Amino acid sequence: MNSLPILRRGDPIPSEYFRLIAGFTYDWESWLSNEGEVLWVNEAVQRFTGYTPNECLAMDDYPLPLVAPEDRIRIARCFDEARSGSTENNIEFRAMHRDQTQCWIAVSWQPMVDADGRSLGFRTSMRDVSEIQELREKLFLQNEHLEQLVQERTAQIAKLEKHRLKMEKLAALGELAAGVAHEINNPLAGIRNAFTLFKRHLPSDVRHYDKLELIDEEIERISGITHQMYQLYRPSRQEASLFSISKLLAEVVTLSNPLSQKCKVAVVTKFESLKTSGPLGEDEVLLRSGELKQVLLNLVRNAIQASCSGQQVTVCVTTQPDELRIVVSDSGHGISESVISKIFDPFFSTKVETIGQGMGLGLSVSRSIIEAMKGTIDVTSDPNTCTAFVVRLPRQLTSIQ
């Protein structure tokens, strides 16, 4: 075979050169007749499929044996359109390699005519788009992930907005409650003083004298309610102090004894220290002792009232290096799912139905106190089984010098 001459610019190009150009093209090139019979395939087909050009020329229904089964019907329809003289670009399908692996291919075709306009069939050009397909799939997954993030952020924003509106309502309610409490407290103090003078000068044998004690108790209860209402809005004025949480817990149990004995419910305490080092002792905390006592007393009394005779209330205190964790749990009637999200709202009480008492201020005041000390209070409950309130507080509100 004679070698072809080296061409210079302007030289006429022999037809053999065009065959070389087609043969050395990087893409997978084919020439098919008007009847769809394969006439020529370049060497690139072997890189795509593992089959030689001669093997391709011997195939029936070329190139369908090289197409993944799931794409064959669609590609056969495309080649039917190509035989009719159509032109198309970048139709993607999966090609089958001899080793049964697959790669993504984009095929383009156009009709071929000679100088006289006679149809010579059509040519196809196929290129590997596996990387593009992989990037497309990654982009799709990334878009799905972004959509999920957007949905999550939207839900969080809606939740925060709902929480903000709730906080605004609670703040307005707290301000109103504090104002009402202040206005009620002044005449109530006058009633109490006048009643004390009146009671002091009455003989004990006067008719209905025993009812005076009941009146005095009810005045005290009204005073307690107005005090709680005032605490919903009033900022704390109590300073943090160093004290023993074990001692404070013992005081809470002592104060709860009358109610626990009346309801025949035992109060059990547990203490655990996970502290390893630091300026505080194992059971020492630097918090507002009076307010923490009020919270614990309220939680313990609620747990006693929610329990049945013979059951017990457990108060578990755990001190960690930087955190105080208190869990008050009972085995009582529990809290239903329909109301558990409302129990910290002012004036909402489950005692109205179960016990017949309660203004619904104790837990809302307790939460205000805990949050003012940079802590949290949460509740979990299984209806008709148990309820647990979890209080988390920092071990100290200010640094110890």
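**Entry 1: ground rules**

I am working from a predicted model, in which local features need pLDDT of at least 70, side-chain atom pairs count only at pLDDT 80 or more, and totals for chains, interfaces and linings use all residues. Residues are numbered from 1 along each chain as its sequence is written, and side-chain values use heavy atoms, with hydrogens and water left out.

**Entry 2: the whole chain**

I looked up the overall make-up and found ten helices and twelve strands in the protein; helices (H or I, at least four residues) and strands (E, at least two) are DSSP runs, numbered from the N terminus. Of the 401 residues, 34% count as buried, where buried means under 20% relative accessible area, exposed over 50% and partly exposed in between, with a 1.4 Å probe and protein chains only. The protein exposes about 24,700 Å², of which carbon and sulfur atoms supply 54%; this area comes from the Shrake-Rupley method with a 1.4 Å probe, and for residues only the protein chains shown count as cover. I also noted that, among contacts between residues at least 6 apart in sequence, 60% join residues at least 24 apart, a contact being heavy atoms within 4.5 Å.

**Entry 3: the nonpolar cores**

I took a nonpolar core to be a set of buried Ala, Val, Leu, Ile, Met, Phe, Trp, Tyr and Cys residues joined through side-chain atoms within 4.5 Å. The largest one has 39 residues, and L292, L324 and I326 touch the most other members. At least two residues of this core come from each of α7 (245-263), β8 (284-287), α8 (289-306), β9 (312-319), β10 (323-330), α10 (362-372), β11 (376-382) and β12 (386-394), and the largest share, eight residues, comes from α8. A second, separate core of 25 residues includes L32, V38, M59 and I75. In soluble globular proteins, nonpolar side chains tend to be buried together.

**Entry 4: the five-stranded sheet**

Next I traced an open sheet with the order β7-β9-β10-β12-β11 and mixed pairing, where two strands pair if DSSP finds at least two bridges between them. Its edge strands are β7 (266-273) and β11, each of which pairs on one side only, and the twist averages 15° from one strand to the next. Axes here are lines fitted to C-alpha atoms, for helices over the stretch in contact, and angles run from 0 to 180 degrees between N-to-C directions. By that convention α7 lies across β7, β9 and β10 at about 170° to β7, whereas α10 lies across β11 and β12 at about 25° to β12.

The antiparallel strands β9 and β10 are joined by six bridges, and T314 stands opposite S329 in β10. T314 is buried, with a relative accessible area of 14%. Not counting residues up to four places away in sequence, T314 touches V268, K270, V327, V328 and S329, and the C-alpha atoms of T314 and A266, 48 residues apart along the chain, are separated by 8.5 Å.

**Entry 5: two hairpins**

I found strand β3 (residues 88-96) joined to strand β4 (residues 102-113) by seven bridges in an antiparallel run, with F93 opposite I105 in β4. The two form a hairpin with five residues between them, and Q100 in the turn has a positive phi of about 75°. β4 and β5 pair in the antiparallel sense over nine bridges, V113 having S119 as its bridge partner in β5. This hairpin also has five residues between its strands, and G117 in the turn has a positive phi of about 85°.

**Entry 6: aromatic pairs**

A search of the whole structure gave me two aromatic pairs; rings of Phe, Tyr and Trp (its six-membered ring) pair if their centres lie within 6.5 Å, and planes under 30 degrees apart count as stacked, over 60 as edge-to-face and the rest as tilted. W28 and F48 form a tilted pair, 5.8 Å centre to centre with 45° between the planes. W28 lies in strand β1 (residues 28-32) and F48 in helix α2 (residues 44-49), so the pair ties together parts that are 20 residues apart in sequence. W28 is buried at 1% relative accessible area, and F48 counts as buried at 5%.

The rings of F79 and F122 have centres 6.0 Å apart and planes at 70°, so I logged this pair as edge-to-face. Since F79 lies in helix α4 (residues 72-83) and F122 in strand β5 (residues 119-128), the pair ties together parts 43 residues apart in sequence. F79 is buried, with a relative accessible area of 6%, and F122 counts as buried at 1%.
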